[in-house]
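Biologist: Hi! Could you walk me through this one while I have it open?
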Amino acid sequence: MTADSGEQPIRFEPEESCPPAIALLVGFQGAALVVAPTVLNVAIAIRSSGLDDSYLTWSVFSAMVICGGITALQASRFQRFGAGHVVLAWPAAMFIAIMVATVTAAGLATFASLMIVCSLMQVALAWWLPALRRIVTPTVSGTVTMLIAVSVLPIAFDTVEDLPADAPTSAGPVIAGATLLVSVIVALKTSGRWRLVAPFSSILAGCAVAAAFGVLDGDRITSAGWFGIPDVPSLSVDLTPSKEFWVLLPSFAILTLVLGLKTISDGVVIQQGSRRQPRAIEFRQIQGMVSVNGVGMLLSGLTGTLPTMANSSYSLSLINLTGVAARRVGIGVATATVFLALFSKFTAVLLTIPGPVLGAYLMLAMGMLFVSGCQTVLRDGLDSRRMLVVALASALGLGLHGHPITRDIFGDDYGELLGSGVTIGAIAAIAMTLLLEAMSTRRSRLEVTLDSASIPVIDEFLIRLASRLGWNEASTLRLRSAGEETLASLLAQEDGAEDTEQPRLNITARPQGTTVELEFVATTRQENIEDQLAFLTDEVAVPSADDLSLRLLRFHASAVRHQKYHGVDIVTVQVEGSG
């Protein structure tokens, strides 16, 4: 890794020890990055839920302590828990809407019991992921992410109106507009470490405009003590699940799944950005990272605050700006975050931020989340089948969100809870994916060694496939040629490899109408190949056809895509045929 655009070369890799003073100094920089978003996300959720200031102060304090503890656990690695890297954690904004709905309809006790169940789901997710790979596709997770962003936006706009009763009617929109304007200008005009101050600059600008309108209340700051632990409000767990629990559980499960998938993607990015030289991804560490997420969800539920999530962009920003990726930094971040949590006066300053500023911050965050969902949907291309999934799920999710028809179908009580656009859209996307998978002709699989001796076996496999599909001689020849040329290109990639392990080739054929999709997965690593595929994200190098000597293959295939990912080569080939 080289320094570029203000980035520092890696001075300390995760396993290397850095001086405690450096770890603590970098730790305070990391805490400074995450404390403000932590307070803002929790404040929005608690205020929108209608809870009083005692819950707000406690929830912010507990969220900061939990985020610090989770960051330390991620760095430390305890048995199967932890990533062994610097992983900054903060409360997940995607859970704001569902927390507000749950607390409003059923109370904090039901929210706590749901979070406990979701924590178990999060721990188990990494081990189930290979089985879910064909169901929870990028199309499904991306669509759900977009619906999450849309569902939270109404809360952001409601927060803009959160002002004293005697405030001018124009105050909210003007304060929010000024906050957004400064945020955009700073983001466009700065780069490197200065880009990280964009949120702080916009918050200060928004507070200045609020002060001009006379709606900036400093009483909380003057009345707050300097250090201490806030009073613990009445907290409980519903041990006898109510009907609201069972109705809301699918929504929580879906969000937990999406959060887990995002954590896996973030874990891959953080591992890649923490090394001087690229190396194979350690899947067990990513599983440990997801498991720690489950611990964070458990603690968040018990303390009545938003669940935690990893943030790869801030984690990498800290590593790039300091050049320090040592695990010891995670302990430094935890120490600094807990110190700031105990610094009551500092927390009071952040809690004084007016509602319109919080609303503007949330608007921008949800806009970025929506774009992230779009990118995920487009990651594998958008053919007619995937387009149908996105179109139907989005139409139902957006159209039925809070619509009276859900109450007509399920009754007033259940209809209000089941009327979540995220739940409806996610169920529709998963159901459509299962339907399309079931309607596809039965897929075939073959596993062989990656060498020229496997050519006859692969050829026979493709001949049987073409015969089963009723293809004519010309189409069969085209399919066989595509298979032989793909194998030749993969063998060419292995010629210069130094790995002495026996390479393997896993071929999956998925007929789709008049087209067959052939997926060639070559690996020289000995982990379970399904585990490796389960963790495959969009963070891959995609060489051109010239680099892969696949130009000849394009004469026989209608589409060719290659992914190379630290010991795993995946070539996806589509071949059209006829009877």
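Modeller: Happy to, and keep in mind that this is a predicted model. Let me begin with the second largest cavity, which has a volume of about 40 Å³.

Biologist: Which residues line the second largest cavity?
Modeller: Its lining is made by Leu108, Ala109, Ala112, Leu235, Ser236, Gly301, Leu302, Thr303 and Gly304. Helix 4 (108–132) and helix 10 (283–303) each give at least two residues to that lining.

Biologist: And how does that lining divide by class?
Modeller: Five nonpolar, four polar and no charged residues.

Biologist: OK, how many cavities of 30 Å³ or more does the structure hold?
Modeller: Two. The largest cavity has about 50 Å³ of space.

Biologist: What lines the largest cavity?
Modeller: You'll find Val136, Val140, Ser141, Val144, Ile254, Leu257, Val258, Ala426 and Ile430 around the largest cavity. At least two lining residues come from each of helix 5 (138–160), helix 9 (243–273) and helix 18. By class, eight are nonpolar, one is polar and none is charged.

Biologist: Switching topic: at what angle do helix 15 and helix 18 pack?
Modeller: About 155 degrees, with the axes of helix 15 (residues 384–400) and helix 18 (residues 421–439) 8 Å apart. Angles over 145 degrees count as roughly antiparallel, so helix 15 is roughly antiparallel to helix 18.

Biologist: Is the crossing of helix 15 and helix 18 left-handed or right-handed?
Modeller: Right-handed. The contact includes Leu388, Leu392 and Leu396 of helix 15, and Ile424, Ala428 and Met432 of helix 18.

Biologist: How do the residues of that contact divide?
Modeller: Into 11 nonpolar, four polar and one charged.

How values were computed: Residues numbered from 1 in each chain as written. Predicted model: local features only at pLDDT ≥ 70, side-chain atom pairs only at ≥ 80, totals over all residues. Heavy atoms only, no water. Axes fitted to C-alpha atoms, helices over the stretch in contact; angles between N-to-C directions. Helix = DSSP H or I, 4+ residues; strand = E, 2+ residues; numbered from the N terminus. Parallel < 35°, antiparallel > 145°, perpendicular 65-115°, else oblique. Left-handed = near helix turned anticlockwise from the far one by under 90°. Contact = heavy atoms within 4.5 Å. Nonpolar A, V, L, I, M, F, W, Y, C, P; charged D, E, K, R; others polar. 1 Å grid on protein atoms, 1.4 Å probe; cavity = no way out; pocket = protein on both sides within 12 Å on 5 of 7 lines; lining within 4 Å. Points joined across faces, edges and corners; volume = space filled by probe spheres on them.
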